Amino acid sequence: MSELTTLESLLEMGFERNRAEKAVANTGNQGIEQAMDWLMEHENDPDIDEPYVPPVGSVLGGENSQSTTEQPSLADTAEGTAGGDGEFDDDMTGRVPMTEEEKLEQVKRLEELMRVKQAERRERERAEELEREKMRRKQGQELQQIRQKLQDDDMKKLADQRRREKMEDKLARQRVKDKIARDREERAQKFGGGGTPSTAASSQPAQPSPSSPTSHGPPPTKKEYDESRIQVRLLDGSTITAVFKAQEPLAAVRVYVQVNGNTPEGQDFTLISPYPRHVYTDLDMEKPLKELGLVPSAVLVVTKK
């Protein structure tokens, strides 16, 4: 049984002649499998249906041809066979024409081969898509882990800083208590029994009542605040409020705004005091709220940097 040429096989399978000729030429007429692979890979090319102009000496269908129009079509071959001009076909092609049954059998075999090729290509594309999806998920997980680690590190630094500030505040309160205790002892020693009886008796009517100890005690001290209530106005006009220790740095307020202020990711911002207007710099972030005059309460505004 004679075999169909690659070009004839593609035409029998329903491919357009222009695409079939391109497939045969671009695969060097190496066989039907290579030609089908080329057609499946290039079926979506924008120029796939442009007229094919074969170079001089190209091989299509197993014969040297100078132009596409000079090649006899499969229908012409069939007509020559039906007309009884078999000797002419044998002289021109050098092969015995195939019967219709043989053609159908070979076409079926080639169509089955093409289905196998298409199934293999779909499986390969599905595997590649799964691999790309795995890579995207892996990269997303790594990015999430990096973000979580940075956030954990920031929270850890802030927690350590707050612990140090609480310890310093505790020591400061203890020093104040010790000083108050020493002052009381000194006042008790000074006013409790240092004069003679006569002097004490003569001066007794003139002593002020217990309700007015201000004549002998030190002047009242200014109230010390250990907390500050900070209200922050965000970029969208909304506000958030939180209470911080007076010894906490301004950086603690900035971190609180980053976590709770719905600030767009990657958006840098600056804190300012509206009245009196003051723009806080990076050096100010390390200073305590008390030193910056933000105790016992203050209003800050978030602006884009």
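**Sheet pairing and helix packing in a predicted model**

In strand S6, the bridge partner of Ser 273 is His 278. The model is predicted, so that local features require pLDDT of at least 70 and side-chain atom pairs pLDDT 80 or more, whereas totals for chains, interfaces and linings use all residues. Residues are numbered from 1 along each chain as its sequence is written, and side-chain values use heavy atoms, without hydrogens and water.

The protein chain contains eight helices and seven strands, assigned as DSSP runs numbered from the N terminus (helices: H or I, at least four residues; strands: E, at least two). Strand S5 (residues 269–274) runs antiparallel to S6, and three bridges join them; two strands pair if DSSP finds at least two bridges between them. Five strands form an open sheet of mixed pairing, in the order S4-S3-S7-S5-S6. Strand S4 (239–245) and strand S6 (277–279) each have a single partner strand at the edges, so one side of each lacks a neighbour in the sheet. From one strand to the next, the twist averages 30 degrees.

Helix H8 (residues 250–260) packs on this sheet and touches S3 (227–233), S4, S5 and S7 (297–304), contact meaning heavy atoms within 4.5 Å. The direction of H8 makes about 145 degrees with that of S4; axes are lines fitted to C-alpha atoms, for helices over the stretch in contact, and angles run from 0 to 180 degrees between N-to-C directions.

Of the 305 residues, 27% count as buried, that is, under 20% relative accessible area (1.4 Å probe, protein chains only). In helix H3 (residues 32–41), the buried residues include Trp 38 and Leu 39.

Terms used
Buried < 20%, exposed > 50% of the residue type's maximum accessible area, 1.4 Å probe, protein only.
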